[in-house]
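Hi there,

Here is the structure I promised to pass on to you. Have a look at it first, and then read on for what turned up.

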Amino acid sequence: MTSAMPEAQTTEQLELAGLIVAALNLEGVDPAGIDPDAPLFGDGLGLDSIDALELALEISKRYGVQLKADDEDNKRIFASLRTLTEYIQQRRSAVA
């Protein structure tokens, strides 16, 4: 029997989900309840381009990872909690 529960988040995904919820004042959203593979924009969390800018600023402050507004890969990077977490981890380890 399969469960419809979303996949459990990694520690890094949970931390980033908490940052997203706090930075964007997403009232009523439980960071632990964000599906790592659900879209962050549109049908998922319903974020928009202003949210992306605010989130990029918070990620820069917290993790030291720069996200540029004109990056062609932004759609892929911001696709889900999983892709955003992986991007941050890759950039942080490249700098370290």
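A residue counts as buried when its relative accessible area is under 20%, and as exposed when that area is over 50%. Please keep in mind that this is a predicted model. By that cut-off, buried residues make up 32% of the 96 residues in the chain.

**Overall build**

The chain holds four helices and zero strands, so its elements read α-α-α-α from the N terminus on. Its C-alpha trace spans about 45 × 30 × 25 Å along the principal axes. How does the radius of gyration sit with a compact globule? For 96 residues such a globule would come out near 12 Å, and the chain's 13 Å agrees with that. If we take the contacts between residues at least 6 apart in sequence, 58% of them join residues at least 24 apart.

**Surface and charge**

About 6200 Å² of the chain is accessible surface, and carbon and sulfur atoms account for 52% of that. On the charge side, there are 17 negative side chains and 8 positive ones. The centres of these two sets lie 7 Å apart.

**The core**

Which residues touch the most other members of the largest nonpolar core? That core has 22 residues, and the ones in question are Leu16, Ile20, Ile59, Tyr63, Leu67, Leu84 and Ile88. At least two residues of this core come from each of helix 1, helix 2 (49-63) and helix 4 (81-95). Helix 1 gives the most, with five residues.

Setting aside neighbours within four places in sequence, isoleucine 88 is in contact with Leu16, Ile59, Tyr63 and Val65. Leu16, Ile59 and Tyr63 are also among the residues that touch the most other core members.

**Alanine 8**

Now for a residue in another setting. Alanine 8 is in the segment before helix 1 (11-23). Is alanine 8 buried or exposed? Its relative accessibility is 61%, which means that alanine 8 counts as exposed. Alanine 8 still has partners: not counting residues up to four places away in sequence, it touches Gln13 and Pro36. Arginine 92, by contrast, is 84 residues from alanine 8 in sequence, and their C-alpha atoms are 23 Å apart in space.

When you open the model, you could begin with isoleucine 88 and its contacts Leu16, Ile59, Tyr63 and Val65, then turn to alanine 8 with Gln13 and Pro36.

Best wishes

Note on methods: Residues are numbered from 1 along each chain as its sequence is written. This is a predicted model: local features need pLDDT of at least 70, side-chain atom pairs count only at pLDDT 80 or more; totals for chains, interfaces and linings use all residues. Side-chain values use heavy atoms; hydrogens and water are left out. The radius of gyration is taken over C-alpha atoms; the globule rule is 2.2 Å times the number of residues to the power 0.38. Buried means under 20% relative accessible area, exposed over 50%, partly exposed in between (1.4 Å probe, protein chains only). Contact means heavy atoms within 4.5 Å. Accessible areas come from the Shrake-Rupley method with a 1.4 Å probe; for residues, only the protein chains shown count as cover. Lys and Arg count as positive and Asp and Glu as negative; His and the chain ends are not counted. The place of a charge is taken as NZ of Lys, CZ of Arg, CG of Asp or CD of Glu. A nonpolar core is a set of buried Ala, Val, Leu, Ile, Met, Phe, Trp, Tyr and Cys residues joined through side-chain atoms within 4.5 Å.
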